[in-house]
Amino acid sequence: MEFNLQASIGYAKKALDLSKKKNYSRGIAISNFRIGQCLAELNTYKQGLEYLDKAEEENTKLQNQALNFEIRRVRSRIYGNFKLYGNAITENRKALMIIPLIKKREEEKDFARILAYENIATAYTFMNKLDSAYYYLNKSRIMLEKSDLKKFLPNLINNYTELGDYYTIAKQPDKATHFLRKAVSLAQKNQYPYLSFTFKKYGDLMLYQKNNDSALIYYKKAQDISEETRLRSELPAIYQKISHTYFLLGNKTFEEKYKLRALELQDSLNTEVISASNLVINTILSDQKEELVQKNKKRQSYLLLISAVILLLLLGLWLLFIRKTKNLNHIKKISSEKEQMLIQQKEEITLRYEEDTKNLEQRVNESFDEVVQLAKNNSPEFFTRFREVYPEVIAALLAIDPKLRVSELSLCAYFFLGFRTKDISIYTFKSLSTIRNRRQNLRKKLEILPDEDLELWFKKLVNKNN
């Protein structure tokens, strides 16, 4: 609660060691979860997911539904950080289905719902589905304003901030100011210091109103708090906002200084994201495989029921034909053929679902790994293979600028895959300054704002054209 995540990990590790010595299953499960949760907040995604998986595995013995909810909620936040917003929403909806099974007071269940609504609203905001985001934000606000303020203070402040941001994007500055002031006032009244997110959104509002000096003040406040709490994931966006504000103020030196800070930190975060990408994909595929298995079981049950009904009908027909025609051999032949057909259909359905599951796993793993390896090898086949695997990316880029050269499209492919500028320089045997210059030229051609993250821009572009 004090945002001292390193200390939290230390205590959770001690609890884990003691729990293992005592063979205390609940302690093992919760300690693994706490470590995974803190690592995820610190953007150490791979290890965070590993500890969440350990907690989930231990929880299969306990069937602690409250812990099951928390694991899915935190995992959904990691999916959101990987820009897998659809998966993040799905994970939160699964979490919402678990809440009625939690053996706690209704007030605590409502708090769980609020957390899930917040995550869904955030995902919809990034997907630019503002109406859906507002729906969940407003649901949270109504529940929070009826709840105990002491318990839900951070959530209510965050909710007001999100609503302020929504109205800024919706170009309603008066309403945006109203909610952001409520957030700051509530925090100051209750001596709540962690307002980096709120100050950043206040800076956005000031920038929208062309009050650049005030925007810079709010962004600097957000920077100070984020650096103090060591929440690195917030800092690249704040640095980019400060750089853009200095650009508007005509201060070239500080513009470049903060732009470089943002790039260096984002490169570091991207490295952690890439290192965890396989684990994320495997986790998603595992969930999808489980869903396919459950659907297959239901289909098999339906098939068996239909088979039973058909067999009963066939039996009735068989008795009827016996009485009318006495042609028993003919009836047996018809029954046998129909039974064989049903068995064959059942086998074909089962094989088709197994094949779909294998193809899904193979396609995601092999295609991604193959394209990344070709990029690292600077293979001449890299761009051709990338275009085959991600044709929608190339189509979207050419729709913006049909005159883009193959070399420029190839560089776009590197950024789409999450490669850092420094890595591209190494793998393509070109100087770092050359790659940076080409990156800047791309931004101009594709009309990408200076504070826009390239990888996020590509994801949004593809989603927009789907």
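Residues are numbered from 1 along each chain as its sequence is written, and side-chain values rest on heavy atoms, with hydrogens and water left out. Because the model is predicted, local features need pLDDT of at least 70 and side-chain atom pairs count only at pLDDT 80 or more, while totals for chains, interfaces and linings use all residues.

The protein chain contains 20 helices and zero strands (DSSP runs numbered from the N terminus, H or I of at least four residues for helices and E of at least two for strands). Of its 466 residues, 46% count as buried (under 20% relative accessible area, with exposed over 50% and partly exposed in between; 1.4 Å probe, protein chains only). The average pLDDT, the predictor's confidence in each residue from 0 to 100, is 84 for the protein chain, and 85% of the residues score at least 70. Confidence is highest in helix α9 (residues 173-189), at a mean of 95, and lowest in helix α14 (residues 328-376), at 63.

Asn 159 belongs to helix α8 (residues 149-169) and is buried, with a relative accessible area of 2%. A polar atom of the Asn 159 side chain lies 3.0 Å from the backbone oxygen of Leu 137. Apart from neighbours within four places in sequence, Asn 159 is in contact (heavy atoms within 4.5 Å) with Leu 137, Ser 140, Arg 141 and Leu 144.

Leu 137 also lines the second largest cavity, together with Thr 125, Leu 130, Ala 133, Glu 162, Asp 165, Tyr 166 and Ile 169. A cavity is a set of points on a 1 Å grid over the protein atoms alone where a 1.4 Å probe fits but cannot get out, and lining residues have an atom within 4 Å of a point.

Most residues other than glycine have a negative phi. Gln 63, in the loop between α3 (45-62) and α4 (65-81), has a positive phi of about 55° and counts as exposed at 52% relative accessibility. Gln 191, in the loop between α9 and α10 (196-208), has a positive phi near 55° and is exposed at 72%.

Conventions
Polar contact = N/O pair within 3.5 Å; in protein donor to acceptor, adjacent residues only side chain to side chain. 1 Å grid on protein atoms, 1.4 Å probe; cavity = no way out; pocket = protein on both sides within 12 Å on 5 of 7 lines; lining within 4 Å.
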